[in-house]
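Subject: Structure handover

Hello,

Here is the structure I promised. Please open it next to this email.

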Amino acid sequence: MVCWLRVRELVRKEFIQLFRDKKNRPLLIIAPLVQLILFGYVVTTDVRDIRIGLCDQSRTPQSRSFIQAMAASPTFTVTHRVDHPVQIDDLMIRRKVDMAIQIPPDFAATVQKGHTAKVLILVDGSMSNMAAVRIAHTMTAIERFNVSLVRQRLAQHLQFAEIDARIRTWYNPNLDSSHFYVPAIVAFLIMLLSLLLTSMAIIREKEAGTMEQLIVTPLTPLELILGKTIPFILIVEAQIIVVSALAVAWFGIPFKGSVVLLFAASCLFLLSTLGIGLFISTVSSTQQQAMMTTFFFAMPFFMLSGFVFPIANMPVVVQWLTHLNPLSHFLIIIRGVFLKGTGIGVLWPQFAELLVLGMVVFAGAVRLFRKRMD
Amino acid sequence: MSIVKIKAVARKEFYHLIRDFRSLYLAFFIPLLLILLFGYALSLDVDNIPTVVVDHDRTAFSADFCRKLDASASFDLIGHLPDTAALDQALDANNAKLAIVIPPGWSAALKADRPSPLQVILDGSDPNFAGLARSYITSFVAAANRRLQIDYFNRQGREPINVPVDARIRVWFNEDLESRNFIVPGIIAIIIMIVGAMLTSLVIAREFENGTMETLRSLPLDAAELLAGKAIPYFFIGLIDVLVAVLMGQVLFGVVIKSSFALLVLACSIYLAVALSLGLLISTVTKSQLVANQAAILVTYLPSLLLSNFVFPIINMPTILQKITYLVPATYFIDILNGLYLRGLGFGGLWPSFAVLGAMALGLAAVNVIKLRGEGL
């Protein structure tokens with residue numbers, strides 16, 4: 001049986017304790033907001049401003065028109081012009097450019113004869129995903145140049161078949177990476193906050209020796225757990241509202257779905273994270289241990305959630321493991337709700353998995369906590 | 001500075017660590033886990049894009065187009081859908097990332113030498129993915145167009161026109177374009193920050209919280225000796241972690257250092273010194289384990305992950321943040337790692353980053369000594 005009066009008193013004590021400590025205030029209120037703004041700007045994988053080192057050995061109108069065709073795209077900027085190919089190597093090694101183009105001396109002559117001129121393009125591959133996009137942009141620009149040159153050369157009346165690919169991008173038409181990452185950051189911050197708050201709140205009682213006092217009070221273990229977690233549920237739910245509002249207001253992230261759905265999903269998500277926080281505080285006896293263990297959970301959760309690294313790229317066994325990760329389900333929901341406006345009809349598998357996961361984790365943590373208390 | 005006293009403090013801190021088995025275990029297990037995860041499971045490279053097709057054309061030509069799409073390494077044709085409503089659902093539910101709609105009469109128009117549209121719908125929510133997928137499908141269609149062109153010229157009995165410019169693309173530093181090759185070295189920077197700064201951020205705060213700072217004050221122990229002694233056990237743990245990470249990267253994942261190994265050890269030692277100084281300074285300033293832990297995550301771990309050119313390019317950030325990255329030690333260390341692992345640079349090319357890291361280590365340690373002396377130590 002749960003006596004709600006006792007739980008209420010414990011919740012009140014917890015709130016007083018949290019806000020009395022001045023050091024906690026920035027942690028609870030300001031930190032998530034600052035983190036969201038900071039991460040929102042930092043976490044991008046857009047490919048913009050490709051720096052090009054150019055070595056034009058041809059120096060002809062033809063080579064210049066080729067360069068112009070490349071530079072017409074706003075992503076390319078020729079930042080360095082050099083006379084000798086050796087200097088290009090130097091620019092690449094010193095990381096001054098992302099790409100280098102070397103136009104051979106016989107470029108104009110070859111093109112005019114109707115042969116194929118070979119242009120050497122060096123790409124810095126050290127960040128492979130960025131490099132692949134840069135290569136793709138380059139190929140597209142060259143393709144465009146080729147097509148326009150061939151059209152010029154052909155007689156006007158020639159008409160041949162051509163597939164005209166009309167590519168439409170849904171959900172995030174400008175491929176703005178903040179749209180993808182900011183909702184995920186909201187989810188991640190919530191996870192971190194709820195894990196840390198719960199685990200630390202109980203450890204603090206243990207370290208200060210006040211746990212003994214709580215045990216000798218008429219509080220049952222379940223009441224103790226409720227009293228310890230309810231304040232964090234309230235705080236974290238308030239954070240979700242504030243942080244999501246900031247994501248929309250500051251970063252202009254579209255919010256297409258339903259607020260109620262997001263709220264419901266976050267409650268299910270909190271069931272898991274609070275359960276894990278409780279588990280951590282049960283098996284740890286010092287704050288250092290609790291912190292390391294929290295980290296131990298949070299890091300793989302982050303890595304194996306599809307936050308940055310797509311789940312589809314993982315080996316099949318690891319893909320199964322991601323089903324045990326509450327963050328991976330919550331990310332699908334929060335991204336779906338923000339960007340796609342998807343409803344429960346599509347998202348119900350994630351809701352179901354979150355619910356099962358949360359109940360198992362929370363029940364397990366409560367059992368363990370009770371056992372330790374007795 | 002007395003070696004004997006430093007040794008005594010180091011021994012005490014070492015016992016602390018050994019006794020707290022879990023911290024030690026995690027100090028070794030987290031790095032192992034990170035390396036395994038990044039080596040095996042995490043990749044930013046895009047292939048086998050799950051693709052669905054709505055084929056209103058239903059001819060041998062459109063079927064051949066789909067077969068070629070499936071055969072390419074970039075796309076994985078997971079199904080034919082009856083109509084565009086099913087397509088909406090497939091994209092909404094994340095089953096497919098790319099959808100192609102072939103209009104009725106498509107191949108007839110192409111056979112009659114008329115341009116004919118092809119509708120391509122792309123899930124743009126992950127822009128890293130969508131950017132690559134967009135260019136893969138563009139070049140796939142371009143290749144199909146080239147085939148159509150050659151076919152046309154053959155039928156007309158004309159010489160096909162040569163492509164004016166052919167780009168020979170050569171990738172340097174990471175020839176196979178594998179994200180593993182830059183992520184596995186980058187992990188070393190993260191591991192050092194976790195072990196060096198996050199673990200140590202608690203050790204001085206613990207003395208304050210337990211009241212044992214009083215005992216330390218009464219001892220004939222200088223602040224510098226205390227700090228050196230506290231740092232030594234963590235230094236060795238960090239170094240062991242790094243060696244394990246480097247070895248695993250090399251043996252399991254074939255991520256091989258192109259430059260000298262000695263230089264790598266030197267770089268790691270200096271960076272480890274920065275991390276330790278930073279962690280201990282946080283500990284001295286905050287005096288509380290809870291706050292120190294938060295501060296350590298905020299000041300050490302997150303910047304090394306986010307503001308260091310590790311996965312997220314600095315060049316994309318707003319100018320103010322770009323300036324902040326100059327203050328983040330990991331930026332210099334990632335630069336060194338990139339030079340050593342991918343570019344094969346020697347000390348001659350990397351000394352500025354070495355110098356900055358060295359200065360940071362000394363500066364942070366000095367501030368900490370002054371702070372602790374102010375506390376009466």
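Below are the conventions, then the findings.

This is a predicted model, where local features need pLDDT of at least 70, side-chain atom pairs count only at pLDDT 80 or more, and totals for chains, interfaces and linings use all residues. Residues are numbered from 1 along each chain as its sequence is written, while chains are lettered from A and ligands numbered from 1 in the order in which they are written.

Chain B

Chain B has 15 helices and 5 strands. Helices (H or I, at least four residues) and strands (E, at least two) are DSSP runs, numbered from the N terminus. The radius of gyration of chain B is 29 Å, well over the 21 Å that the globule rule gives for 377 residues, so chain B is more spread out than a compact globule. That radius is taken over C-alpha atoms, and the rule is 2.2 Å times the number of residues to the power 0.38. Along the principal axes, the C-alpha atoms of chain B fill a box of roughly 95 × 45 × 40 Å.

Of the 377 residues in chain B, 48% are buried. A residue is buried if 20 or more other C-beta atoms lie within 10 Å of its own, exposed if 12 or fewer, and partly exposed in between; C-beta atoms are placed from the backbone. Take contacts in chain B with a separation of 6 or more: 79% of them are between residues 24 or more positions apart. Two residues are in contact if their C-beta atoms, placed from the backbone, lie within 7 Å.

One buried position is B:A296, with 25 other C-beta atoms within 10 Å. B:A296 is found in helix α12 (residues 289-306) of chain B. Beyond its neighbours within four places in sequence, B:A296 is in contact with B:A197, B:M198, B:S201, B:G279, B:I282 and B:Y301.

The A-B contact

Chain A gives 92 residues to the contact and chain B gives 91. On the side of chain A, the elements with two or more residues include α2 (24-42), α6 (128-153), β5 (162-170) and α7 (177-208). α6(A) gives the most, with 18 residues. By class, this side has 56 nonpolar, 21 polar and 15 charged residues. Ala, Val, Leu, Ile, Met, Phe, Trp, Tyr, Cys and Pro count as nonpolar, Asp, Glu, Lys and Arg as charged, and the others, Gly among them, as polar.

An open sheet of 5 strands has the order β2(A)-β1(A)-β3(A)-β4(A)-β5(B), with mixed pairing. Two strands pair if DSSP finds at least two bridges between them. The edge strands are β2 (76-81) of chain A and β5 (165-172) of chain B. The twist averages 30 degrees from one strand to the next. Within this sheet, β1 (residues 50-56) and β3 (residues 99-103) of chain A run parallel, joined by 5 bridges. There, A:L54 has A:I101 as its bridge partner in β3(A).

α4(A) lies across β1, β2, β3 and β4 of chain A together with β5 of chain B, at about 175 degrees to β3(A). α6(A) lies across β1, β3 and β4 of chain A together with β5 of chain B, at about 170 degrees to β5(B). Axes are lines fitted to C-alpha atoms, for helices over the stretch in contact, and angles run from 0 to 180 degrees between N-to-C directions.

Another open sheet of 5 strands has the order β5(A)-β4(B)-β3(B)-β1(B)-β2(B), again with mixed pairing. Its edge strands are β5 of chain A and β2 (75-80) of chain B. β5(A) pairs with β4 (residues 115-123) of chain B in the parallel sense, over 9 bridges. A:I167 has B:V120 as its bridge partner in β4(B).

A helix pair in chain A

The axes of α7(A) and α10 (residues 259-283) of chain A come within 8 Å and cross at roughly 35 degrees. By class, their contact has 10 nonpolar, 7 polar and no charged residues.

Best wishes
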